[in-house]
Amino acid sequence: MKTHNNFDERFEFTGGVKTWSLIAIVVGVIVIAAGFLTGYAERTFDNLLLMGYYFSCVCIAGVFFCALQYAAQAGWSASLLRVPQAFIKVLPYAATILVVIVCAGLFLTHTGTTEEGKQVIMPYLYKTWATKGLADPKSEIFDTLVYGKSGFLNIPFFLIRMVFYLGSYSLLGWLLVKYSNNEDELGGMFNYEKSFKVACIFLVIFGFTVPLFAFDTIMSLEAHWFSTMFGWYNFAAMWVSGLAVITLVTIYLRKAGYLSWVTEDHLHNLGQLMFGFSVFWTYLWFAQFLLTYYANIPEEAEYFYKRWEPQFKFWFWLNIVINFATPLLVLMKRDSKRLVPVLKAVCIILICGHWLDYFIMIMPGTTGLEGDRTVYNEISWIEIGTFVGFAGLFTYSVLTALSTFTSLIPKKHPLLDESLHHHI
C-alpha cells in the first residue's frame with residue numbers, strides 16, 4: 001500500500017479563502033452594528049449569543065475529538081489530528097468572545113416588558129432571572145420560582161462558572177497541543193503518555209460540566225423551564241456540528257493539495273461518526289419532547305408551546321428533518337460516506353441545521369414573542385449577516401492557527417503508522 005512521507009509540509013493561508021473570510025468578517029461587523037443602530041438591539045444580542053455559543057461549541061468539539069482519540073488510544077485518526085488541534089488553538093479567543101457577549105448582555109440594560117405586562121429595566125440577555133427585583137420578595141415583580149433558583153442563578157456565580165468551564169476546556173486543550181508539538185520534537189512515549197492523562201482528566205471534567213454549560217448559557221434564558229436532558233441534547237448538537245466542521249476543513253485541505261495521506265477511509269470514519277451521533281441527537285430530541293408531551297406539566301410544556309407558535313412551527317419541524325432525515329438517508333449507504341461531494345454537502349447541511357437548532361433554542365423564549373411578530377421571528381438579515389461574520393471569523397482564525405504548525409501531521413505520534421495504513 002502506498003504511504004506518504006512528505007511530513008514537513010506546512011499550510012500556507014493565502015488566496016481566495018483568506019480574502020473571502022476577511023470580507024465575511026467585515027459583513028458581520030456591519031450587520032451587527034446596523035442591528036444595534038436600527039432598533040433591534042435585543043435581537044442582535046440574541047444572535048451574538050447564538051453565534052458566540054456555536055463558535056465556542058465547535059472549538060470545544062475539537063478538544064473533545066482529540067481527548068477522545070488519546071483516551072481510546074485510537075490509531076485511525078492520528079494523521080488528521082492537526083485539524084481539531086487548530087480548533088483548540090482558537091478556543092481561547094472564541095471563549096473570550098462568548099464571555100464578552102454574556103457580560104455585555106447582562107450589564108447593558110433597556111426598558112422591557114415582563115410576562116405580566118409591567119415595564120421595567122432589564123438586561124438584554126437572561127432577563128427572566130437577571131432583572132433586578134425578580135428575586136426580591138419586596139419587589140412588585142417578585143418571582144417565587146426565580147427566587148428559589150437565585151442561589152444558583154445570580155450574576156457573580158453565573159460568570160464564575162462560565163469562566164471555569166471555558167477556562168478549563170481551553171487549558172486542557174492547550175496542554176494536548178503542547179504535548180503533541182513536544183512529541184514531534186523529542187519523540188518517544190513520554191509526551192504521548194502525558195497526553196493520555198490530560199485527555200482522561202478533560203473527559204471527566206467535560207462529562208460533568210458540559211450539561212451545566214448548556215444549562216447556564218442557553219436553558220437559563222427561560223428560567224422557569226427545566227429539562228434534565230437539555231445538557232446532553234446540547235452536547236450531541238455540539239459534537240455533530242464539530243464533526244461536520246472537522247470533516248469540511250479536512251476536505252478543503254485535501255482539495256488544496258494538503259493532507260495527501262488522508263484517504264477515503266478516514267473520511268468514511270468521520271462520516272460514520274456524523275451518522276451515528278445524528279441518530280443520537282435525534283434520540284435525545286425525541287425523548288425530551290416525548291417526556292414533556294406525556295407528562296404535560298405546564299412549566300415544561302410551555303417551552304414547546306412557544307415553539308409551536310405559527311412563526312416558529314415550520315422551523316421546529318424543519319430542524320428535525322435537516323438534522324435527522326438528511327444524514328440518516330444520505331449517509332446510511334457506505335458509498336455516500338466515501339464520496340467527497342456527498343460528504344461535503346452533508347457537512348454544510350448539518351452546520352446550517354444545527355445553527356437552526358440553536359436558533360430554535362434561543363429565539364422563541366427571548367425576542368421571539370415580543371413586538372411585531374412578522375419582523376421578529378423570520379430569519380432575516382440580522383441572522384444571516386451575523387452567521388456570515390462568525391463563519392468568516394472561524395475560517396480565518398482556524399486556518400491561521402493551522403499555518404502555525406511546523407507540520408500538518410504529528411510526525412512522531414506512536415500510532416501514526418496505523419493511521420497511514422488505515423483501511424476499512
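## About the model

This is a predicted model: local features need pLDDT of at least 70, side-chain atom pairs count only at pLDDT 80 or more, and totals for chains, interfaces and linings use all residues. Residues are numbered from 1 along each chain as its sequence is written, and side-chain values use heavy atoms, with hydrogens and water left out.

## The largest pocket

Let's start with an open space. A pocket is an open set of points on a 1 Å grid over the protein atoms alone, where a 1.4 Å probe fits, with protein on both sides within 12 Å along at least five of seven lines; lining residues have an atom within 4 Å of a point. The largest pocket has a volume of about 710 Å³, where volume means the space filled by probe spheres set on the points, which are joined across faces, edges and corners.

Its lining has 22 residues, and Leu-248, Ile-351, Ala-391, Phe-394 and Thr-395 lie nearest the centre. Helix α14 gives the largest share, 7 residues. (Helices are DSSP runs of H or I, at least four residues, numbered from the N terminus.) By class, the lining has 19 nonpolar, 1 polar and 2 charged residues. Here Ala, Val, Leu, Ile, Met, Phe, Trp, Tyr, Cys and Pro count as nonpolar, Asp, Glu, Lys and Arg as charged, and the others, Gly among them, as polar.

## A helix with a kink

Now for helix α7, residues 190–217. Its 28 residues should span 40 Å at 1.5 Å a residue, and its end C-alpha atoms are 38 Å apart, which agrees. The expected span is 1.5 Å times one less than the number of residues.

Where does α7 have a kink? The kink, of about 40 degrees, lies at Thr-209, shortly before the proline Pro-211. The bend is the angle between axes fitted to the seven residues ending at a residue and the seven starting there.

## Salt bridges

A salt bridge is a side-chain nitrogen of Lys or Arg within 4 Å of a carboxyl oxygen of Asp or Glu. By this rule, the count is 9. In one of them, Arg-43 and Glu-383 meet at 2.7 Å, N to O.

Glu-222 counts as buried because its relative accessibility is 7%. Together, Glu-222, Lys-306 and Arg-307 are linked in a network of salt bridges.

Conventions:
Helix = DSSP H or I, 4+ residues; strand = E, 2+ residues; numbered from the N terminus. Buried < 20%, exposed > 50% of the residue type's maximum accessible area, 1.4 Å probe, protein only.
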